Amino acid sequence: MDLTLNDYLLVSGLLFAIGFAGVLLRRNIIIIFMCLEMMLNAANLTLVAFSRFHLQNGLPNYNGQMLVFFIITVAAAEVAVGLAVIVALYRLRQTTHVEDISTLKF
Amino acid sequence: MVPIFFWLFAALTLGFAVAVVVNRNPVASALSLVMSFVGLAALFVLLNAYFLFVIQILVYAGAVMVLFLFIIMLLDLKAEERRKFNTAAVIGGLAVTAAFVAELVAVIDAVPFGAKTFPIIRDNIYDVQNVGRLLFSGYNLPFQVVGVLLLVATIGVVVLSKRELK
């Protein structure tokens, strides 16, 4: 039995759901940040699957893979800045626990 | 398309992804995430995206996760001690996730051509050549903009970590 597009979409969707659950359930900022990366990667898998599914002149549609390339680049920049913010926050408050950072809480 | 490998690497990716969320120790979480990204990169190979496979391993499993581990060790995070468990928040989070998965399954069932198998590629794929040609012709401007973005991010990180926060 060959693989269908739905198989890839399901795996990608489940990966996104796991990352989503992690963002909602965990209280450690660094873990939340890792789960965000996981969600970005789930989107990448969907893009690559569609790129392979819709052939263009007998080749994968490379426009989708370009988008993945840019997502990876921007995500790398995002991780660098985000972790710098977390370090600055840690120096200020000595915590990475989101419930200890409640200045903006209503 | 090799179904056995697909299911193997899909299980690897999803299993380690669950381990990231479940582990109490941040270092164990980060290492699980590395394995999850490696599994995902293997899925890229099965989709003939060889260039993205290499980038995924180098940038994500390599650079990004090293940065994560470096910060975890810099902050000297221990395994979380058990805090008082906020039951309502956990139940709420799980309920929202379950609703999300249910909606996802419904949407995937409705994808019009989703049940079709992947078309077969007969020719050899010169993947890196194709990606490079498109990147430097059609996507030249975004490519340069991304270069500026990385520069700005670098400067931002240096400023953030140098300034004395009071």
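A crossing of two helices is called left-handed if the near helix is turned anticlockwise from the far one by less than a right angle, and right-handed if clockwise. What you have open is a predicted model, in which local features need pLDDT of at least 70 and side-chain atom pairs count only at pLDDT 80 or more, whereas totals for chains, interfaces and linings use all residues. Residues are numbered from 1 along each chain as its sequence is written, and chains are lettered from A and ligands numbered from 1 in the order in which they are written.

**First stop: H2(A) and H1(B)**

On H2(A) the contact is made by A:Met34, A:Cys35 and A:Met38, and on H1(B) by B:Ala17, B:Val20 and B:Val21, a contact meaning that the C-beta atoms of two residues, placed from the backbone, lie within 7 Å. By class, the contact of H2(A) with H1(B) has 6 nonpolar, no polar and no charged residues, with Ala, Val, Leu, Ile, Met, Phe, Trp, Tyr, Cys and Pro counted as nonpolar, Asp, Glu, Lys and Arg as charged, and the others, Gly among them, as polar.

**Second stop: B:Ala30**

B:Ala30 touches A:Met34, and within its own chain B:Met65, B:Phe68, B:Leu69 and B:Ile72, if residues up to four places away in sequence are left out. Between B:Ala30 and B:Phe68 the C-alpha atoms are 7.1 Å apart, although 38 residues separate the two in sequence. B:Ala30 is buried, with 23 other C-beta atoms within 10 Å; buried requires 20 or more such atoms, and exposed 12 or fewer.

Now select helix H1 of chain A, residues 5-25, and H4(B), which pack at an angle of about 165 degrees with their axes 10 Å apart. That angle makes H1(A) roughly antiparallel to H4(B), and the crossing is right-handed. The residues in contact include A:Asn6, A:Gly13 and A:Phe20 of H1(A), and B:Gly93, B:Thr97 and B:Phe100 of H4(B). By class, this contact has 13 nonpolar, 4 polar and no charged residues.

Also in H4(B), pick B:Ala99, which is exposed, with 10 other C-beta atoms within 10 Å.

**Fourth stop: the whole contact between the chains**

Colour the two chains separately and display the contact, which takes 71 residues from chain B and 62 residues from chain A. On the side of chain B that touches chain A, the largest share, 12 residues, comes from H3(B), and that side has 56 nonpolar, 11 polar and 4 charged residues.

**Last stop: the domains of chain B**

Finally, select residues 1-80 of chain B as domain 1 and residues 121-166 as domain 2, bounds that come from an automatic or database domain assignment. The centres of these two domains of chain B, taken over C-alpha atoms, are separated by 21 Å, and their contact takes 4 residues from domain 1 and 5 residues from domain 2.

Technical notes:
Helices (H or I, at least four residues) and strands (E, at least two) are DSSP runs, numbered from the N terminus. Axes are lines fitted to C-alpha atoms, for helices over the stretch in contact, and angles run from 0 to 180 degrees between N-to-C directions. Angles under 35 degrees count as roughly parallel, over 145 as roughly antiparallel, 65 to 115 as roughly perpendicular and the rest as oblique.
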